[in-house]
Amino acid sequence: MKKALFILTLLWGCLSLGANILRVAIDGSQAYTVIQEAINASADTDTVLVFPGRYFENIRFYGKNITLASLELVTGNLDYKYNTILDGSQNGPVVEVKDNESNIAVRGFTITNGSGAYANYYDTTVGGGINIGGLSGQRICKVINCMVYDNQADLGGGIRVSAGNLTLSGLSIFNNSAASGGGLVFQGSTGATQFDIVFDPENRCSIYNNKAAFGSDMYFYMVNQVHVVVDTFTVANPSNFYASAIPQNSNIENPYTFDILHSVHTEINHDLYVAPWGDDANDGLSEGTPLQTIFRAAYTIASDPENPKTIHLAEGYYSRLTNNQFFPLTMKSFTRLTGQGCENTVIDFSNASRMLLAAPFSDQMTISSLHCVNCKGGIQLSYSTNITISNVIVDRVNNIYFARGYAGYSNTNQRIENCLFRSISSSEQATGIDVGQGSGDFELINTEISNCTSGTWMPTLQISSINDAEVVISGCSFHDNTSSAPDVWNSIMQIGPYSIYGQRLRVEIQNSSFFNNNQSNSGFMGYIHALNDTAFVRNCTFAENRGGSSALMVKGNAVLENNVFWNPQLPTEITAYYSANEGISGRLEFANNCIRNGLNGIYNMSTLN
């Protein structure tokens, strides 16, 4: 004992050279009893040394370049990381660094029960256990010999680091949850500066059994290369479900390489069954032995490109309160999620951040026969291929800033059929369907978007093409959608290339109706721009829409056949767009249309015939 005390005293003396040690103990035996008070009193290069105990605090560094450590730092005894506990009490991040710090370290703690920092602009939370961002200078962050578990946030349940150089050593990240990046989120930079993460190859970390709709264990954004060295990971060969990424280089799909010694989870290559009365202790292999939570089924099912599997949802009502559902829902590549019909399988998302997410660069996913209600965000699938959504109702999506019924960005080949998107609302931006089509086909068939409301920006349907795409809309109805702000336009729809530098966009709209929509702006209510091809509008009705200068504005080449345009509260029905400065011109062809006021209902912006 005397020898241990001598070593401890010696190490404290070494740490004191050129810096101060501010000691914290709950029992009052040291100068401070509250960690935050010691941090507030510290200066750069100081060490805040915490004695064992459970500290119910939400700690913030407030610009101090310091080391926050337990007695593990000065003794080398790992037991201190178990008995020195930082408990966030579900009141924000347990540890937060975001005030221009340049060199910090956190060492030798259990970090638990954090709930993330509120990111106001996105109406979401980030960094449940540890949240690091807003760094400057060297941007050095070290997390050593800690346990991070039972934390939650929308982004980065365990740890979230933005634009920093991170070293992880002897760290255990497990049982954390998020919408994206259950265990770890690392956000790089969209600019030229690259940030690094180093996994200690000797004092290995373990990352396992975390939960998220994508990046169940980790999610890396704007990083082109990641070498993950761990003792334990959830699975031995992680797919994009467990380790998700969106690299900075668009030509890179998977930036990860792995060095994994152990794993804890085995996927099942079999259809799985879920019922509200089921049990996650069941095998889920039959209707008689169903799982209870949809997430557990998605987590367990294997991706098989040769023989895709289905998660079967029984009739009933699924929610957090009634049967322990975890949201957002998720899918893996080559899987299907199907219920027993929109009236029979109802999922109440209890105001979760999203209804359903899937990892970027997923393939062949089908969602069908569900009624999804009550969420901040709808279904969101990005950077993926071959998506089908059929016989699905998305109802009551409400978000302060961005409300989307379906958001599909940079995808290839998307089909939405026999669906209903209604009551999508936001005080700022709301859209029933918002698609940034990477390439391939986007098909919207027999689908309705109705009763959407927005304060600042709302095309009921927005489709932008990034590369080479074809859009087909058939048998659809868009009605009773309202945008209230005076600077809003395109309340019916907005379809066009992402930029004039796109390759090609062909648009075909047929047998569809656009009626009783309203906007406060005097701009165009609907907008179509085919690029290096033609827009076809056939057998459609535009009627009783209010608030714009015209019901439809068309750029480029278009053919309008057998349509009805009858909107008495609009000055004109159709605008033929022309801009010499933008280099945009085109030819409009009309055949058998009923247009209010005839030729006088068409405004040609060009002075040319």
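## Surface and charge

The accessible surface of this predicted model is about 23,400 Å², calculated by the Shrake-Rupley method with a 1.4 Å probe. Carbon and sulfur atoms hold 47% of that surface. The protein carries 32 positive and 51 negative side chains; Lys and Arg count as positive, Asp and Glu as negative, and His and the chain ends are left out. The centres of the two sets lie 5 Å apart, with each charge placed at NZ of Lys, CZ of Arg, CG of Asp or CD of Glu.

## Basis of the model

Residues are numbered from 1 along each chain as its sequence is written. In this predicted model, local features need pLDDT of at least 70, side-chain atom pairs count only at pLDDT 80 or more, totals for chains, interfaces and linings use all residues, and side-chain values use heavy atoms, without hydrogens or water.

## Overall fold

The protein has six helices and 55 strands. These are DSSP runs numbered from the N terminus: helices are H or I of at least four residues, strands E of at least two. The C-alpha trace spans about 100 × 60 × 40 Å along its principal axes. Of the 609 residues, 58% are buried, meaning under 20% relative accessible area with a 1.4 Å probe, protein chains only.

## Strand β48

Strand β48 covers residues 526-538; eleven of its 13 residues are buried, so the rest of the structure largely encloses it. It pairs in the parallel sense with β44 (residues 493-497) over three bridges; pairing requires at least two DSSP bridges. G526 in β48 is the bridge partner of M493.

Strand β50 (residues 552-561) also runs parallel to β48, joined by eight bridges. Here F536 stands opposite V559 in β50.

Key:
Buried < 20%, exposed > 50% of the residue type's maximum accessible area, 1.4 Å probe, protein only.
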